[in-house]
Number of protein chains: 2
Amino acid sequence: MKKVTLNDISESLKISKSTISLVLNGRGDEKRVSKETQEKIFKFAKEHNYKANQLARGLSTGKSDMIGLVIPNISDNFYARIARRIEKKASRLGYNVVFSSTGESKIRETELIQSMLDRQVDGLIIASTQKNKDDILRLKKQNFPFVLIDRHYPDIETNYVCVNNNGGVVRAVEQLINSGRKRIGFVSLKPGLQAIEDRLQGYLETMNKHSFDVKDGFVQELDYDNIEKDMPDVIKSMVKFPASVEGIVFSTHFLAAAGLRELKKLNVRVPVDVAIVSFGQMSAFDLIDPPITSVIQPVDEIGDNAVDILLKNLENEDLDFEQMNLETDMIIRKSCGTF
Amino acid sequence: MKKVTLNDISESLKISKSTISLVLNGRGDEKRVSKETQEKIFKFAKEHNYKANQLARGLSTGKSDMIGLVIPNISDNFYARIARRIEKKASRLGYNVVFSSTGESKIRETELIQSMLDRQVDGLIIASTQKNKDDILRLKKQNFPFVLIDRHYPDIETNYVCVNNNGGVVRAVEQLINSGRKRIGFVSLKPGLQAIEDRLQGYLETMNKHSFDVKDGFVQELDYDNIEKDMPDVIKSMVKFPASVEGIVFSTHFLAAAGLRELKKLNVRVPVDVAIVSFGQMSAFDLIDPPITSVIQPVDEIGDNAVDILLKNLENEDLDFEQMNLETDMIIRKSCGTF
DNA sequence: CAAATAAGCCAAACCGTTTTAGCATTTAAA
DNA sequence: TTTAAATGCTAAAACGGTTTGGCTTATTTG
């Protein structure tokens, strides 16, 4: 059962390819093809289950109806949820999505972007490693439609949909302060991401605003690839003199999980001894002992807006850049010591 | 900065397209193209950053170097992890992956498969809704390369990579029995999935083997779309007379989470009053109160094997079907009452 | 009734590759 | 010296669509 092509239909029906193509694309009336001819074509197409070859169509039209999604890691629930949202919306609008995970590697990111371009995707949605200014600049110079999500390059003007990281962390720290903590630590990732940088700033600002010292050891930065390995020492150092914190803000959900794991191993009582707040959530955070207070990122809105902006840019060449910093929400649970 | 094509190179260099294509595909020596000519071509290609248009190439070769991944939901961590693995392996071998989530809808699945075929993907990896025999049969009849994961159709011979669901649940139930429970319940999804059916069988068999009654209300089946809504009643009915279970096996990770949530609301002590085991895991299961005993599915192996089998089938038309039922593992934690 | 208009369809170019068969020319073998 | 083989490259078809300009007829219009 070989695939039926326009040529096949053309030969069987003795009607030219052009007419058939027009009709099947719904331009039959516009092009004044008679009802009978259209009937015949539609009938034959249904019966033989004709489906256009999208590669051929793409080659011809210069549009592939695919959008590329480049993210750090599809198995991270945060990105997976964004991906789901993007996919859903995109598919309603006739687009498929190709995805790839960079694993936070700049080289991979470069390769992946290139490979998507080779595939002729119509546009890109990228949660960049932020080590990759070159590629972003190149895309921009080529006027290729793309929108950054979650992470943007502050010194490059592009479309982006991010969250107010600073503000989210401010709320997290304030929450701990409200529950009476003064010696508050901040566990984060090694710098390199603007989002992470912003979160740190949010922490520092808030501490400063309340005139709380940021003592040695209050700020800890882990390497993305060695979180499991390094977390024990980090937590140990934070819960004893001289650091001895009363509260910790974790700058990502997985840091919070790993950190809590260690706190429990050390029999530190949360939140009595150390209260914690997570920036970012996990689906079981409400079931954990204690339930984790967390800053919620508006995942759905990120996905929706990214697609909206991208599609607008596909239709219209020269739009102004759109830059969104979505506000976070916060769910207060026991871990922050408020109750 | 328009894209450079073979034609452009051909015109600039006054060398035929064919030669250039050959050379850039590494067949220069084989086709006895002189060193100098090859040099010239490579040099020009680098300088002008030539990248082949994959649509055109695909049209010409009949291969797109894309594989399609059809799953219920990318934001479910189980599938996301499989997706990550598939993507990683596939990309090493030169393939990109297009994914789509069916949301357990048969219609969506049909659409998605069709759309991937239109896109000329070279092969498919499908975690089917299992309501879709027609499509699978069609793919099979067309001899299109595909492998089913997580769920297969028992009465259709295909490639598949699944897990031993029955065996996994047997272990789960045995574990509860070991910890002294006799009145054991099973919370699952409405039938429709073979995997779910197998899990139920595993439960029934084990209960039977130990001559434990499966009382009214011991087996509860929820609708995928109404888990949050229906779980409260389900759990309520199980913890009081006449059902009043001492242990529950949840047939998926998200059921376990939702179920535990209700148990806690009702102030049922886990595992003292009711011990629980989850089939399938979540990353925070070790942090939950109590930590959840769970049957672990070999996610990485599922992904790896699926890609392996698929690629073998891409190379070789007529291979025997491969069918794998991978064994599960189990992590024992407090929730099952063993400690 | 001639000219203009509309109706209905098609030929052919094009998108950017791959691939096969074969053409000159030079070199080696008989 | 003639023939055979090797060298180095190319023309052209094919993949399966889209799209534009235009060619016939029939129908109006003046």
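Let's start at Gln54(B), which sits in helix H4 (residues 54–61) of chain B; helices here are DSSP runs of H or I with at least four residues, strands are runs of E with at least two, and both are numbered from the N terminus. This is a predicted model, where local features need pLDDT of at least 70, side-chain atom pairs count only at pLDDT 80 or more, and totals for chains, interfaces and linings use all residues. Residues are numbered from 1 along each chain as its sequence is written, chains are lettered from A and ligands numbered from 1 in the order in which they are written, and side-chain values use heavy atoms, with hydrogens and water left out.

Gln54(B) has a relative accessibility of 16%, so it counts as buried (under 20% relative accessible area; exposed is over 50%, partly exposed in between, with a 1.4 Å probe and protein chains only). Setting aside neighbours within four places in sequence, Gln54(B) is in contact with Asp118(A) and Arg119(A), contact being heavy atoms within 4.5 Å.

That brings in the other chain. The same surface serves both copies, as 100% of the contact residues of chain A recur in chain B.

Now look at strand S2 (residues 96–101) of chain B, where six of six residues are buried. Asn96(B), Val98(B) and Ser100(B) point one way, while Val97(B), Phe99(B) and Ser101(B) point the other.

Within chain B, S2(B) pairs in the parallel sense with strand S1 (residues 66–71) over six bridges, and Leu69(B) stands opposite Phe99(B). The chain gets from S1(B) to S2(B) through helix H5 (residues 77–92), in a right-handed β-α-β crossover: with the strands pointing away from the viewer, the path from the first strand over the helix to the second runs clockwise.

As for H5(B) itself, Asp76(B) caps its N-terminal end, with a side-chain oxygen 2.8 Å from the backbone nitrogen of Phe78(B). Buried residues in H5(B) include Phe78(B), Ile82(B) and Ile86(B). Just after the helix, Gly94(B) takes a positive phi of about 90 degrees.

Methods:
Two strands pair if DSSP finds at least two bridges between them. A polar contact is a pair of N or O atoms within 3.5 Å; within protein, one must be able to donate a hydrogen and the other to accept it, and residues adjacent in sequence count only if both atoms are side-chain atoms.
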